[in-house]
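Here is a short briefing on selected packing and pairing features. Please have the coordinates open while reading.

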2 protein chains.
Amino acid sequence: MSRLSKILQPKAIAVIGASRKEGSLGKMFLEAVVRMRFTGTIYPINPKADFIDGIKVYPSLDALPETPDMAIILLAYQYVLPALEELAQKGIKDIIVISAGFKEVGGEGIEREEALNELVAKYNLNVLGPNCMGVFNTDPKFSFNGTFSPTLPAPGHVAYVSQSGALGVAVLELNAHTDLGFSVFVSTGNKADLSDTDVLEFLKEDTNTRVVTMYMESVDKPESFRKVSRELTAAKPVLAVKAGRTASGHKAASSHTGALANPEHIMDGFLKQCGIIRKDSLEELFDAARALSLQPLPAGKRVAVITNAGGPGILSTDAIERAGLELARFSDETIERLTAALPAEAAKGNPVDMIASANEETYSAVTEIILQDRGVDAILLIIVKPPVNCTPRDIAEKLEPVMRSAAKTVIPVLMADRDEHAGMDVFQRLSLPVYSYPESAVAALATMWQYKELQGKMRSGKSESTTAQSGSPMLAAANGQAGIAEVFQLLQDYDIPVAPYLVSDSWDDLRSFLEQTGGNVVLKTANAQIIHKSDAGLLHLHIENETALRTAYEAIRKAVFPKLPADVAPLFLIQQQLTGNSELVLGGKRDDAFGPVVMAGFGGIFVEVLKDVVFRVAPVSPEEALDMLSDIKAQALFDGARGRDVIDRNTLAQIIHNFSRLLSEHPEILEMDINPLIWSAQRNTAIAVDARATLK
Amino acid sequence: MSRLSKILQPKAIAVIGASRKEGSLGKMFLEAVVRMRFTGTIYPINPKADFIDGIKVYPSLDALPETPDMAIILLAYQYVLPALEELAQKGIKDIIVISAGFKEVGGEGIEREEALNELVAKYNLNVLGPNCMGVFNTDPKFSFNGTFSPTLPAPGHVAYVSQSGALGVAVLELNAHTDLGFSVFVSTGNKADLSDTDVLEFLKEDTNTRVVTMYMESVDKPESFRKVSRELTAAKPVLAVKAGRTASGHKAASSHTGALANPEHIMDGFLKQCGIIRKDSLEELFDAARALSLQPLPAGKRVAVITNAGGPGILSTDAIERAGLELARFSDETIERLTAALPAEAAKGNPVDMIASANEETYSAVTEIILQDRGVDAILLIIVKPPVNCTPRDIAEKLEPVMRSAAKTVIPVLMADRDEHAGMDVFQRLSLPVYSYPESAVAALATMWQYKELQGKMRSGKSESTTAQSGSPMLAAANGQAGIAEVFQLLQDYDIPVAPYLVSDSWDDLRSFLEQTGGNVVLKTANAQIIHKSDAGLLHLHIENETALRTAYEAIRKAVFPKLPADVAPLFLIQQQLTGNSELVLGGKRDDAFGPVVMAGFGGIFVEVLKDVVFRVAPVSPEEALDMLSDIKAQALFDGARGRDVIDRNTLAQIIHNFSRLLSEHPEILEMDINPLIWSAQRNTAIAVDARATLK
């Protein structure tokens, strides 16, 4: 059972701080509960009042005739902790704290919130807030408005979880007269105890909720959030606006990955891993939620457009193409039937332009024909106000029997004033979400299809790998950097191929490596104390013979001697120089919010100039890694563009997965780059050529 | 004077086809004219009626007491041409043809439209339509509704030009109860005679119009359209939705340019050259138009956010950053004044979070303070419905005196139900466009700033170059391809540098070119008859000495002999092999709609995989070419990324300009690629290394 069950489905509530003072929170709250016709019992607690608006008030918890299963605290901050303790001692463990004056005010408020959390732990409480706007649940079994919002939410199937209380109220207000109906609202406030994860856990089981919308400013407990989200999004769509793109920039970073790790790009990756669809604005969020909550998901992406005017049909076609949906191709039978049903001047292809003479009969007949075409998954039904023949209300009413048996997605676009002739109530009765412009209707449809595909992935997606720890030793730092030999060994411990190499301080070893390799090697210093290996002649490329190797060897010795402690001998790394025509980059970074994150992309210009890289939070399953690869803009390069070798995405995904395990199991690594990682067509795998790791 | 002056500003109108039949166009039209209280005189013409709704009807034009200055034809198609001819003979030259049945129906309709155009030419008429929905003009001097729309448009300062009549009516309907007010509406229909260009010409002079919005499906007469648009957009913003992204694909192309020339990308470039701001949806179009028509343009991009709730403030900040605007930094004085005006818990930075206790006094005081800060160019005024203290109407009323003296852009966001407490009428009186969500308000503000910058460019922008024709000879085709020597000569005629080369059939010439150059040359066949030069050993690179040159020479001779006519000797092109670290591509194509278009981008992966190229319609002025360069996604490469040489944008822009002249003056060229065009740091210019031209 979810930790929010009693808070959202209460039978008897104690209202601590109920008040008879007009305009006070205590008064407004009570009014709101009553106005929504709560199905349970309210026990206002106030030692100074007997009745408020005819409701009996009790002086204390002790005076109550029964023990309520939930309590709401509306007191000034200094009284909150004592009230919590008293409730806990009476066995009331499910509590909403509306009161502000905690972490959000800083200073003493932070201590107060810590004390609150101690009470939570001590008594095993479930506390929502503090500093929140409460909850509501429109399920007729409860009909519980536990906010002080004077606006009654329209009942429906969209849950809304908002970290900002004010945005909760504002959204209710703005949608009071639209077809956006809500099931559950939760204002999470400071999230001292109950977090988004707990809310999502509740919504997973709430049968009245079909779509979840979220306004988030931060993610707490990302691991459990991700786990619950994945379960939830396999069943219901979750859409989110994530606010707070900090412009403050990042700290100086020692790697490509560190420099490119924009918190928003990491968040994008994380939300994708959660199966959550991110939206850029509240308007898009709720536009998509309306269609998702009212209409069935389309089985495919083939859309038919029915219209009584050409212009909106063209706009729809454009929008469908842009959104990655498809214009359906009608069967011959459909075209025959349309030809019989429509005047000669009408267009019988897709879009079906029934022309301006179309009336309610035409709409109903054509919709029925198109619903029966097996090549159609969804219908965009455009109604430009008919100039003479009929009203939108006539059309909606005539559509009623057709819609009752429709099993496909139907989205109406009503380009007409919302007066009494618009028939908005009829559309609502038919569960048809009405849009004003074709573009926003198509955007909503595209989100439905996006979720349909996502749902398949989430249902089949295995949970993250549970492979046993590799047991590879932690890296030791010198100057904050790990030694190259240790880094290479670590990569190999995690099955990430490394170009053949040898670390040695002996000239004979180096020479015999060259002989075995048959030329074309790289020589560089391997002393961990030396950083910036490309400086000052510490890296020598394209060595083909012993003479060249000796020259390089001497040059490096000469350069490193002054930089090494007296008791340390120059150490060399000799490595076969790999050729391949695709350079990749893999990177890792320990993020403050998410822990280890993985970055992937192509190397060179792609990472340095185009910044065409993608992030995910570790652990990254091979499926998630595949998804990651398909987010890379230049992904055509995987398929052999411009004479490059074809890169096997599955192999690469496995290497990304391995690398994410490496990062998860090596908390000593702050930042890491494998750059370049070269694709070898010959060995059919990606091979690390150079790597560096910055340690704690 | 514009050709539309009499049509949009008529004094007396003949209505040919007025009817007393309920629901007929003839009846609806008359009703619409009357309902809007036309300031002129209407003369309905109908031989079978004496009166319609009390208005006197005349049997024929001859029976009229005066000659009307404009006529509207509502007849069935077969009567249109005789009516036109009769009007023309009576000296009535300004005519709207509502009637359909012309080009849009194909077949005979096309001939009918041609005959109409002959009458236009014969009598020097100004005809709008056919197949259009008419016009209106809300200017109180005319108050002319020349459509049959029953919806009265709200008067305002937005002109709307729509190629689709239905979308015209739909937009009026949808906005009947919003603060989007219209000045002029023109449905252009088939554009047989009067086109968008003529409408824009009128709007340039219409003082009642502050913003122009367009729904376009095609551009006619692109040259004059571009000229008039540039004049218009220097004075007023023009926003357009261009519909009809054809998915039909392009024909097989013989060049990179041809293959990449997506009609939509050419359209993007063309609209930029016109100074027109393209929008992706009607909703964005009108959202931006509202703010542009009601508020002054911001002087800069520094935005202040005033709010009574944190969440919308954060969303605004995100949107401001994403849109390329800036969050204003307040002066110390402003922060002091805010501190005095606001409670301790309020945030005095930007966004100013006045917290939930803010009432109308707070809004007015804070707005006044922020208006006086010189570091602020625009204000986003967010009102989340105050829970207790006051109503949005109270706030709007209190703002009235403050707004009267405000000289900055102010955009309110009202997150509350639109009931009587919302005070929408007060906001309207104050010319404040109200938005529901912060994101759309910021998008509108961003468009205002975009236009502000664009206006500067349009005002200072010189018209296209009028340089004299170069007089270079037209190219002659062999196998559809021009000979390389001719192409190189042509480039040089237009001051586009070409890598030093020599064309000759003599071995001695080739050898002496090698000697003078000192090695590193390329040898290829120059016979125009031979295409695909990289095939079959016809191109030899990196020739360093005479022996290598001789080998290449013999190989080419051997390869070309069988392919040449018996009387043609093998011809060679020897060229200095240029080195440079930035390869560019310039391309040209003769487009069906726009004529010659120019493409620019980086070479290699950038053109072939990333398709990072930009189009403009010739002629391209050096200023337009600079703009073009800044549209290239990888433009950071111009500035010397990854150790490349810095590329001088002005030099490159001049070369693009020269190339556009070449294309304009050489209509025999269908497609052309200069690829690669190498940037030479040494010579500080771009140099063509290879080029090909496909001819008619």
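Is the crossing of H18(A) and H19(A) left-handed or right-handed? The crossing is right-handed. The model behind this briefing is predicted. The points below start with that helix pair, then turn to the domains of chain A and the strands of chain B.

**Helix pair in chain A**
- Helix H18 of chain A spans residues 507–517, and helix H19 of chain A spans residues 546–560.
- Their axes come within 10 Å and cross at roughly 145°.
- H18(A) contributes A:Trp507, A:Leu510, A:Arg511 and A:Leu514 to the contact.
- From H19(A) come A:Glu546, A:Leu549, A:Arg550 and A:Tyr553.
- By class, the contact residues of H18(A) and H19(A) are five nonpolar, three charged and no polar.

**Domains of chain A**
- Chain A is split into domain 1 (5–209), domain 2 (296–460) and domain 3 (500–576).
- The centres of domain 1 and domain 2 of chain A, taken over C-alpha atoms, are 42 Å apart.

**A buried strand in chain B**
- Strand S19 of chain B covers residues 409–415.
- Seven of its seven residues are buried, so S19(B) is largely enclosed by the rest of the structure.
- In a regular strand, side chains alternate between the two faces of the sheet.
- One side of S19(B) carries B:Thr409, B:Ile411, B:Val413 and B:Met415, all buried.
- Strand S18 of chain B (residues 378–384) runs parallel to S19(B), and seven bridges join the two.
- B:Ile382 has B:Val413 of S19(B) as its bridge partner.

**Open sheet in chain B**
- Four strands of chain B form an open sheet with antiparallel pairing, in the order S22-S25-S23-S24.
- The edges are strand S22 (501–504) and strand S24 (539–543) of chain B, each pairing on one side only.
- Neighbouring strands of this sheet are turned by 15° against each other on average, direction ignored.
- Four bridges link S22(B) with strand S25 of chain B (residues 572–576) in the antiparallel sense.
- B:Tyr501 stands opposite B:Gln575 of S25(B).

**Helices on that sheet**
- Helix H18 of chain B (residues 507–517) lies across S22, S23, S24 and S25 of chain B.
- H18(B) runs at about 0° to S25(B).
- Helix H19 of chain B (residues 546–560) also packs on the sheet, touching S23, S24 and S25 of chain B.
- The direction of H19(B) makes about 15° with that of S23(B).

Terms used. Residues numbered from 1 in each chain as written. Chains lettered and ligands numbered in written order. Predicted model: local features only at pLDDT ≥ 70, side-chain atom pairs only at ≥ 80, totals over all residues. Heavy atoms only, no water. Axes fitted to C-alpha atoms, helices over the stretch in contact; angles between N-to-C directions. Left-handed = near helix turned anticlockwise from the far one by under 90°. Contact = heavy atoms within 4.5 Å. Nonpolar A, V, L, I, M, F, W, Y, C, P; charged D, E, K, R; others polar. Domains from an automatic or database assignment. Buried < 20%, exposed > 50% of the residue type's maximum accessible area, 1.4 Å probe, protein only. Pairing = 2+ DSSP bridges.
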